[in-house]
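Visitor: I am new to this structure and would like a close look at a single part of it. Please take me through the disulfides.

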Amino acid sequence: MAATLNTKFDRLDSDMRKGLHECKTGARKMHPDDSAFDYEHKLSVSMRGPRYLSVLVSDAYFCGGAHPENNDEALVYDVTTGAAIDWLTMLPGSSIGYKAEDTSHSSSVIWPPLQQLALEQADDDCKDVYREKNLSFILWPDADQGAIVAEADGLSHISSALCGEQVVLDIPSAQRLGISPTLLSLVVAAHAASQTSAAKNH
C-alpha cells in the first residue's frame, strides 16, 4: 500500500502547490510588492500504525483579501487497503457532513454526541457557534494522547480563530459514546508504543 498512499500524498502536494501559486498570483494583483502574501503549510503525523496512518494538514494563508484564512484537514488512511477511513462505520448514528470527492481526502461527519460535547466545553461567547444545525467535524486518532480528537469543520474565519477548540475523547469517553472498539484498541496500542518510544528517547 506504500505506493498507493504515496500517490495520494503526491496529489495532495500538487494541489497545495497549485493553491500556493493561485494565492501568490492573486496577492500580487492587489499588492505587486508581495506585502499581502503569506502561506504556511504544515503536516504532522498523529498516528503511525497499527493499521492506521493519520496525518494532520494545516494551511494558513493570506492572499491579499479582507483577512487571513486557515484550513485544517485530518487525513486518516487504512494502510491495509490504502483507503481513507470511513468514520460512519466508527461512530454510531453519524452522517456525512462533507463528502470528499477526491479519495486523497477524508470526509467530515455530523455526530450529535460530539457536537454536544463541543457545546458543553465551549466558552459562553462561543456557545452559539456549536449550536449550529448540522455542524460537522473532522476527526483523527492521536497516539501521543491516546485519544480520538475532533475539530469543528467549516467555521467562519472569526469563529475558527475564537472558538475553534479541539474536543479530545480519551478512551473511556470514546467507549461510552460507542466508538468502534477495534479502532480504540488500535489507538491504545499506538499510545503504548508512543510512550515506550518517548521513554527510550529520554
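How many disulfides does a search of the whole structure find?

Guide: The search finds two disulfides, a disulfide being a pair of cysteine sulfur atoms within 2.5 Å. This is a predicted model, in which local features need pLDDT of at least 70 and side-chain atom pairs count only at pLDDT 80 or more, while totals for chains, interfaces and linings use all residues. Residues are numbered from 1 along each chain as its sequence is written, and side-chain values use heavy atoms, with hydrogens and water left out.

C23 belongs to helix α1 (residues 2-30) and C63 to strand β2 (residues 52-63), so the bond ties together parts that are 40 residues apart in sequence. Helices (H or I, at least four residues) and strands (E, at least two) are DSSP runs, numbered from the N terminus. C23 is buried, at 4% relative accessibility, whereas C63 is partly exposed, at 26%. Buried means under 20% relative accessible area, exposed over 50%, and partly exposed in between (1.4 Å probe, protein chains only).

The other disulfide joins C126 and C163, with 2.0 Å from S to S. This link is left-handed, with -75 degrees about the S-S bond. C126 sits in the loop between α2 (112-121) and β6 (136-142), and C163 in helix α3 (residues 157-163), so the pair connects parts that are 37 residues apart in sequence. C126 is buried at 6% relative accessibility, and C163 is buried at 7%.

With the bonded cysteines of the chain numbered in sequence order, the pairing reads 1-2, 3-4.
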